[in-house]
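Dear colleague,

Please find below the structure that I am handing over to you. My findings are set out after it.

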Amino acid sequence: MRLSTNEAWLVDNGRVVFGPTPISHGMAGFETPPAVTRISFKREFHWSTMHDAPMRWATFFNGDMAFHVGPVTSKSHGCVRMTEDGAHRFFDYLNPGDITQVIP
């Protein structure tokens, strides 16, 4: 995903299979850091106990950060918010161990 343009793609062997799709990411003090990480786990319905909020189609990477459904017009506490379609496609396509890349 590219933070500077608020877009994400699914890429498989160098070929775009979905995207770009709009995203939002972490606000000041809760930045989504540029990194190469792996998907750790995913949950169709997850409840954030840290922020007392639902996280539909949650696909976790980089510790407690996840791709999930949320308003793409406002910043998050580090997670990558996506449209329903985007989060669902990422959830269905990605599996634990798959590589993610966040670029500035």
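The notes below concern the nonpolar cores, the helix and the strand pairing.

Please bear in mind that this is a predicted model. Its largest nonpolar core comprises 18 residues. Met1, Phe61, Phe67, Val80, Met82 and Phe90 have the most contacts inside this core. At least two residues of the core come from each of strand 1 (7-12), strand 2 (15-24), strand 4 (53-61), strand 5 (65-69), strand 6 (80-82) and helix 1 (84-93). Helix 1 supplies the largest share, three residues. Another core, of five residues, lies apart from this one and includes Met55, Ala58, Phe60 and Ala66.

Helix 1 has Gly86, Ala87, Phe90 and Phe91 among its buried residues. These four lie on the same side of helix 1, because they cover an arc of only 130° around its axis. In general, an α-helix has 3.6 residues a turn, so residues three or four places apart point the same way. The cover over the buried residues of helix 1 includes strand 3 (35-48) as well as strands 1, 2, 4, 5 and 6. Beyond its neighbours within four places in sequence, Phe90 contacts Ala8, Trp9, Leu10, Phe18, Thr21, Thr59, Phe67 and Met82.

As to pairing, strand 3 and strand 4 run antiparallel and are joined by eight bridges. Arg43 stands opposite Ala58 of strand 4. The two strands form a hairpin with four residues between them, and Asp52 in the turn has a positive phi of about 50°.

Strand 4 also pairs with strand 5, in the antiparallel sense, over three bridges. Here Phe60 has Ala66 in strand 5 as its bridge partner. Three residues separate strand 4 from strand 5 in this hairpin, where Asn62 in the turn has a positive phi of about 50°.

Yours sincerely

Note on methods
Residues are numbered from 1 along each chain as its sequence is written. This is a predicted model: local features need pLDDT of at least 70, side-chain atom pairs count only at pLDDT 80 or more; totals for chains, interfaces and linings use all residues. Side-chain values use heavy atoms; hydrogens and water are left out. A nonpolar core is a set of buried Ala, Val, Leu, Ile, Met, Phe, Trp, Tyr and Cys residues joined through side-chain atoms within 4.5 Å. Buried means under 20% relative accessible area, exposed over 50%, partly exposed in between (1.4 Å probe, protein chains only). Contact means heavy atoms within 4.5 Å. The arc is that of the directions from the helix axis to the C-beta atoms. Two strands pair if DSSP finds at least two bridges between them.
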